[in-house]
Amino acid sequence: MNCPHCDRLLYSRSRPTCGYCGAVLPAEILLSDAERDRIKQEKAEIERRRVIDKEKEEKRKKEERKRNDMGGPI
Ligand SMILES: [Zn+2]
C-alpha cells in the first residue's frame with residue numbers, strides 16, 4: 001500500500017498519517033480488507049436492528065392509537 005500523496009510505501013497502516021509527507025490517509029488505506037468487511041457487516045447489522053426497532057415502535061404506536069380510538073384501556 002502506497003501513500004496517495006507522495007506514492008511512497010507506507011510502513012504502517014495503523015498510523016493516521018503518512019510517515020514521509022505527513023498527509024492524512026483515507027480510511028480505506030488504513031484498514032485491511034478484512035477490517036473493512038467487518039465494519040461493513042457491523043454497519044449492516046446496526047441498520048438491520050434499527051429497522052426492526054422502528055417497525056416495533058410503529059406497531060406499538062399503532063396499537064396505542066387503536067386503544068385510544070376505542071376509548072382507552074378498559
Ligand atoms: Zn506520503
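I began with the contacts between residues at least 6 apart in sequence: in the protein, 3% of them join residues at least 24 apart. Two residues count as in contact if their C-beta atoms, placed from the backbone, lie within 7 Å.

I noted that this is a predicted model, in which local features need pLDDT of at least 70, side-chain atom pairs count only at pLDDT 80 or more, and totals for chains, interfaces and linings use all residues. I number residues from 1 along each chain as its sequence is written.

Overall form. I found two helices and zero strands in the protein; helices (H or I, at least four residues) and strands (E, at least two) are DSSP runs, numbered from the N terminus. The radius of gyration is 24 Å, well over the 11 Å that the globule rule gives for 74 residues, so the protein is more spread out than a compact globule. That radius is taken over C-alpha atoms, and the rule is 2.2 Å times the number of residues to the power 0.38. Along the principal axes, I read a box of roughly 75 × 20 × 15 Å for the C-alpha atoms.

Domains. I recorded domain 1 (1–30) and domain 2 (32–69), with bounds from an automatic or database domain assignment. Their C-alpha centres lie 36 Å apart.

Burial. I call a residue buried if 20 or more other C-beta atoms lie within 10 Å of its own, exposed if 12 or fewer, and partly exposed in between, with C-beta atoms placed from the backbone. Buried residues make up 1% of the 74 residues.

Helix α2. I compared the span of helix α2 (residues 33–69) with expectation: its 37 residues should span 54 Å at 1.5 Å a residue, and its end C-alpha atoms are 54 Å apart, which agrees. The expected span is 1.5 Å times one less than the number of residues. The helix α2 is hardly covered, with a buried count of zero. After α2 I found glycine 71, with a positive phi near 95°.

Aspartate 7. I located aspartate 7 in the segment before α1 (27–30). Aspartate 7 is exposed, with 10 other C-beta atoms within 10 Å. Its phi is near 65°, a positive value in a residue other than glycine. From aspartate 7 to leucine 25 I read 12 Å, C-alpha to C-alpha, across 18 residues of sequence separation.
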